[in-house]
Amino acid sequence: MFKRLPGDEARNLVSTTPGTAVVFRPAVVKTPAILTFIIYIWRFLSALLRTT
C-alpha cells in the first residue's frame with residue numbers, strides 16, 4: 001500500500017472545531033536488549049557492593 005509520511009499524524013491532530021481535545025503521544029525509543037541487560041547487571045552489582 002502507500003507509505004506513511006512523518007507529517008501524516010501531525011496533520012490529523014490539528015482540528016478547527018473548538019472544544020476538541022488534542023492528544024499527544026510520547027515518542028518511543030527502542031533500546032537494544034544487550035544495552036538493557038548491561039544496565040541491569042551494572043545496577044545489580046553496584047547495589048550488591050553497597051550492601052556488603
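In which helix is the place of I41? The place of I41 is in helix α2, residues 33-51, in a predicted model where local features need pLDDT of at least 70, side-chain atom pairs count only at pLDDT 80 or more, and totals for chains, interfaces and linings use all residues. Residues are numbered from 1 along each chain as its sequence is written, and side-chain values use heavy atoms, without hydrogens and water.

Helices (H or I, at least four residues) and strands (E, at least two) are DSSP runs numbered from the N terminus. I41 counts as exposed because its relative accessibility is 52%, where exposed means over 50%, buried under 20% and partly exposed in between, with a 1.4 Å probe and protein chains only. Helix α2 is hardly covered, with 0 buried residues among its 19.

| Quantity for the chain | Value |
|---|---|
| Helices | 2 helices |
| Strands | 0 strands |
| Buried share of 52 residues | 2% |
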